[in-house]
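Student: Pick one part of this model and take me through it closely. Keep to geometry, and state each cut-off when you use it.

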Amino acid sequence: MKSYIISIICVGVIGSIISLIAPEGEGGGLGKHVRLAVGCVLILTCVSPLGEVIEGIRGLDLSGLVPEINEGAVEEYESIFGESYGAAELSSLKEGVAEMLYERYGVAREDCEVRVIANKNGSGELELKRIFITLYGSAIWKDTGEIERYFGGLFDCEIVTAIG
């Protein structure tokens with residue numbers, strides 16, 4: 001760093017001396033061109049370390065910074081993600097059924113409980129097997145047969161309603 005600063009100072013001093021010696025003339029004469037050349041040399045001197053920095057970056061070995069992921073880890077990550085995605089999907093399904101019960105049949109959320117049973121099919125997708133709907137409070141007077149037919153048509157799985 002010390003030599004870099006010394007070289008900038010030297011270029012500046014030498015450039016100033018040369019521009020003072022250069023003859024002025026009409027329209028600035030030769031002095032105008034000398035100051036331009038000195039300015040360019042000074043800029044190149046200031047920028048010269050960038051080339052070394054770029055070469056240093058190109059030579060860096062970054063392979064140790066990014067861990068390699070083997071196939072076993074990929075399968076593990078996929079299974080963890082798939083399980084959490086499936087749990088979120090089932091949770092959203094439960095919330096959706098409870099919301100539809102409220103909108104279609106006027107069943108308050110605190111008057112129902114929805115449970116879902118699903119299995120993974122051969123391609124790893126969730127397949128609904130059964131939806132349990134338990135009704136409480138004033139919701140016990142709702143037509144459970146109608147609820148089973150409606151949701152059975154929507155989800156194409158077994159719907160079981162119970163009074164709790």
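**The central strand and what packs on it**

Tutor: β1 and β2 pair in the antiparallel sense, over nine bridges. Strands here are DSSP E runs of at least two residues, helices are H or I runs of at least four, and both are numbered from the N terminus. Strands count as paired if DSSP finds at least two bridges between them. This is a predicted model: local features need pLDDT of at least 70, side-chain atom pairs need 80 or more, and totals for chains, interfaces and linings use all residues. Residues are numbered from 1 along each chain as its sequence is written, and side-chain values use heavy atoms, without hydrogens or water.

Start with that pairing. Lys120 sits opposite Leu126 of β2. Now take the other partner. β2 also runs parallel to β3, residues 158-163, and six bridges join them. Ile133 faces Thr161 of β3 across this pairing. From β2 the chain passes through α4 to reach β3, a β-α-β crossover that is right-handed. Right-handed means that, with the strands pointing away from the viewer, the path from the first strand over the helix to the second runs clockwise.

Thr134 has a relative accessible area of 11%, so it is buried. Buried means under 20%, exposed over 50%, and partly exposed in between, with a 1.4 Å probe and protein chains only. In a regular strand, side chains alternate between the two faces of the sheet. So compare contact lists, where contact means heavy atoms within 4.5 Å. Leaving out residues up to four places away in sequence, Thr134 touches Asp111, Cys112, Glu113, Arg115, Ala162 and Gly164. With that exclusion, Ile133 touches Val97, Leu101, Glu113, Ile147, Phe151, Ile159, Val160, Thr161 and Ala162.

The largest nonpolar core has 17 residues, and Leu101, Ile133 and Phe151 have the most contacts inside it. Such a core is a set of buried Ala, Val, Leu, Ile, Met, Phe, Trp, Tyr and Cys residues joined through side-chain atoms within 4.5 Å. α3 gives the most, with five residues.

Next, the rings. There are three aromatic pairs. Rings of Phe, Tyr and Trp (its six-membered ring) pair if their centres lie within 6.5 Å; planes under 30 degrees apart are stacked, over 60 edge-to-face, the rest tilted. Tyr105 and Tyr150 make an edge-to-face pair, 6.2 Å centre to centre with 75° between the planes. Tyr105 is in α3 and Tyr150 in α4, so this pair ties together parts 45 residues apart in sequence. Tyr105 is buried at 15% relative accessibility, whereas Tyr150 is partly exposed at 22%. Phe151 and Phe155 have ring centres 6.2 Å apart and planes at 5°, so they are stacked. Both sit in α4, four residues apart, about one turn of the helix. Phe151 is buried, at 1% relative accessible area. Ring pairs link Tyr105, Tyr150, Phe151 and Phe155 into a cluster.

Last, the cysteines. Cys112, among the contacts of Thr134, is buried at 10%. Cys40 is partly exposed at 41%. The structure holds zero disulfides, a disulfide being two cysteine sulfur atoms within 2.5 Å.
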